[in-house]
Amino acid sequence: MSTTTEAAMSATAAPVRCQRIGCDAMFTDDNNPEGSCQYHPSAPLFHDGMKEWSCCKQRSHDFSLFLSIPGCTTGKHTTEKPVTKAVSANRPKATPVQSSKQTAGADACARCRQGFFCSDHGSQPKVQKPAATDDTNKEPVEKSSVPPPKKRIDINEPRTCRNKGCGKSYKEKDNHDSACDYHPGPAVFHDRMRGWKCCNIHVKEFDEFMEIPPCTKGWHNADAV
């Protein structure tokens, strides 16, 4: 009887592996205090060569570095496999109308201000412009250069340039044909390389891509596409 009891106690005390995502530690029921487990509560997101933890937004291109990102939540170890919600790489659009808080975040974001798609703020809906007159509709669109603004505006009103690679704040009274340093583009993303076709410079990291100096001078334009 005593031998059976000792065997049962020994089996109970055997270390088992934690099933939480990002932990993978061995533990026993007798040694499992609150906070001993550091894990990720949400599933990972894989999209365009980028690996990201949807719970803490930590990301990496390298899979080994991605797996070494420490968990963002603590708790107790468990042998139960967590049930996580599937995270789609193509995030659904909530509504075409944005809240003022999200719009404010997009205005402060360097990627959004320069016209790039930003995973934090999503695609930004364009502001509805007043109906154009027939003369405006017939006016040809110049694609080779950025023309000076045509509509009537307050020359002392601070505006944000939407030319790619610029994103600076300016006033129309100070605008001129060489005030803006920008990339006429287009931007090229291929095989994990990022660059500008206009100046034929390509790099691997997005931060390096954002630091590529502009290659063209022109007018600031707050209405660039």
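**Aromatic cluster**

I started with the rings: F46, W53, F63 and F66 form one aromatic cluster. For the record, this is a predicted model, where local features need pLDDT of at least 70, side-chain atom pairs count only at pLDDT 80 or more, and totals for chains, interfaces and linings use all residues. Numbering runs from 1 along each chain as its sequence is written, and side-chain values use heavy atoms, with hydrogens and water left out.

I searched the whole structure for aromatic pairs and got seven. The rule I used: rings of Phe, Tyr and Trp (its six-membered ring) pair if their centres lie within 6.5 Å, with planes under 30 degrees apart counted as stacked, over 60 as edge-to-face and the rest as tilted. F46 and F66 make an edge-to-face pair, 5.8 Å centre to centre with 65° between the planes. F46 sits in strand β4 and F66 in helix α2 (residues 63-67), so this pair ties together parts 20 residues apart in sequence. Helices (H or I, at least four residues) and strands (E, at least two) are DSSP runs, numbered from the N terminus.

Next I looked up W53 and F66: their ring centres are 4.8 Å apart and the planes are at 15°, so I logged the pair as stacked. W53 lies in strand β5, so here the pair with F66 in α2 links parts 13 residues apart in sequence.

Buried or exposed, what are W53 and F66? Both are buried (under 20% relative accessible area; exposed is over 50%, partly exposed in between, 1.4 Å probe, protein chains only). F66 comes out at 1%, whereas F46 is partly exposed at 42%.

**The sheet**

I traced three strands in an open sheet, order β4-β5-β6, with antiparallel pairing (two strands pair if DSSP finds at least two bridges between them). β4 (44-47) and β6 (59-60) are the edge strands, each pairing on one side only. Four bridges join β4 to β5 (residues 50-53), and P44 has W53 as its bridge partner.

**T78**

I found T78 in the loop between β7 (73-75) and α3 (100-108). T78 is buried, at 18% relative accessible area. Leaving out residues up to four places away in sequence, T78 touches R17, C18, Q19, R20 and F27 (contact means heavy atoms within 4.5 Å).

**Confidence**

Last, I checked pLDDT, the predictor's confidence in each residue, from 0 to 100. The chain mean is 75, and 64% of its residues reach 70 or more. Helix α1 (residues 2-12) is lowest at a mean of 54, and strand β3 (residues 37-39) is highest at 92.
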